[in-house]
Amino acid sequence: MSERKVLNKYYPPDFDPAKIPKLKLPKDRQYVVRLMAPFNMRCKTCGEYIYKGKKFNARKETVQNESYLGLPIFRFYIKCTRCLAEITFKTDPENTDYTMEHGATRNFQAEKLLEEEEKRLQKEREEEELNNPMKVLENRTKDSKLEMEVLENLQELKELNQRQANVDFEAMLKQYKEYEEEQRRREQEEDEQEMKSMLEQAQSRRLLVDSDSDEEAAKPRPKPAGTKPTDILQEDPQPQSKKLKTESWERSVGKLNSKAQLAGLVSLRKQKADPALENGMESRGTGSIPTPTSTATSSLSLLGAYSDSEDSED
């Protein structure tokens, strides 16, 4: 049993391909193909615009008795998208384009018409030159004059551009680079000068501090004078501006004498004269010189009387 999917078939020894009957088809047979509109066109029946690139299911056939250098020319049949009118166009291998044949008009073909007109004029000129040699000379002189005019106009345009555009971009860039370098160098010099000034100021300050310390060290320190035991009792009381050291219990409870606003609320009671003080005054009146022991005893008695008065008021 032979395989189902094979490419090589069995050919018997007596196989003759000429005996196979050929399918006879008409030369103008039409095929259904899928194509896009090759150019913009407008339907003559309804005026519908058909733009380039619109897809159609077209019928293709070979044009009989028409060819270009052995290349066949094909004709395509399409239908209008609005009124279903038949539109036909052919290939144009000579101009590598398509030509409208029936049912619509081609739009936006001004460039093509201009090219066709130039080709027609060129062809007429060649025919005239072929039969008339004087015409050839006239055409050559006209072409030379036209070329000279074009060159003159081009030269004038160049001169005008040179007058108006006198800017040298390379020189401008060079000048800008030089300006940037000069500015950078100036900034660097300013920074160096500022750093030098700062260093000089710091050095001068250091020298001043060193000189002051040397002067203080060179000054002789005053020797403390000899103190006597009675100098403590003769010293003035501390000024009010200096604050005495407060004890821990005074911080929490407070003290009346330490506050100026409450000082006026307390009044001292007159005390009776102390006989010891009276004896001291009498001794002074008699002209006896007080001794250090008697002076210390009297000051201590005064301090005790003052403290007793404060305790009695509290």
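Y11 sits in the segment before strand 1 (31-36). Strands, like helices, are DSSP runs numbered from the N terminus, with at least two residues (E) for a strand and at least four (H or I) for a helix. The model is predicted, so local features need pLDDT of at least 70 and side-chain atom pairs count only at pLDDT 80 or more, while totals for chains, interfaces and linings use all residues. Residues are numbered from 1 along each chain as its sequence is written, and side-chain values use heavy atoms, with hydrogens and water left out.

**Surface patch**

Y11 is exposed, at a relative accessible area of 54%. Exposed means over 50% relative accessible area, buried means under 20%, and partly exposed lies in between (1.4 Å probe, protein chains only). Together with F15 and I20, Y11 forms a nonpolar patch on the surface, and the three have about 330 Å² of accessible area together. Patches are made of residues with over 30% relative accessible area and no salt bridge; nonpolar side chains (Val, Leu, Ile, Met, Phe, Trp, Tyr) are joined within 5 Å, and like charges within 9 Å. Accessible areas come from the Shrake-Rupley method with a 1.4 Å probe, and for residues only the protein chains shown count as cover.

**Overall picture**

The protein has 7 helices and 8 strands. Of its 314 residues, 11% count as buried. The accessible surface comes to about 29000 Å², and carbon and sulfur atoms hold 54% of this. Among contacts with a separation of 6 or more, 43% are between residues 24 or more positions apart; a contact means heavy atoms within 4.5 Å.

The mean pLDDT is 77, and 65% of the residues reach 70 or more. Here pLDDT is the predictor's confidence in each residue, from 0 to 100.

Strand 4 (residues 55-68) and strand 5 (residues 71-79) run antiparallel and are joined by 6 bridges. Two strands pair if DSSP finds at least two bridges between them. R59 stands opposite Y77 in strand 5. The two strands form a hairpin with 2 residues between them, and L69 in the turn has a positive phi of about 55°.

Strand 5 also pairs with strand 6 (residues 86-92), in the antiparallel sense and over 5 bridges. In this pairing I78 stands opposite I87. This hairpin has 6 residues between its strands, and L84 in the turn has a positive phi of about 60°.

T88 lies in strand 6. T88 counts as buried, at 5% relative accessibility. Leaving aside neighbours within four places in sequence, T88 is in contact with F76, Y77, M100, E101 and H102.

An open sheet of 3 strands has the order 3-2-8, with antiparallel pairing. Strand 3 (49-50) and strand 8 (104-106) stand at the edges with a single partner strand each, so one side of each is left without a neighbour in the sheet. Strand 2 (residues 41-43) pairs with strand 3 over 2 bridges in the antiparallel sense. There, R42 has Y49 as its bridge partner. Strands of a sheet pair through backbone hydrogen bonds, either parallel or antiparallel.

**Salt bridges**

The structure holds 13 salt bridges. A salt bridge is a side-chain nitrogen of Lys or Arg within 4 Å of a carboxyl oxygen of Asp or Glu. The table gives some of them.

| D97 | R106 | 3.2 Å |

E182 and R185 both lie in helix 3 (residues 169-218), 3 residues apart, or about one turn of the helix. E189 and R185 are both in helix 3 as well, 4 residues apart, again about one turn. A network of salt bridges links E182, R185, R186 and E189.
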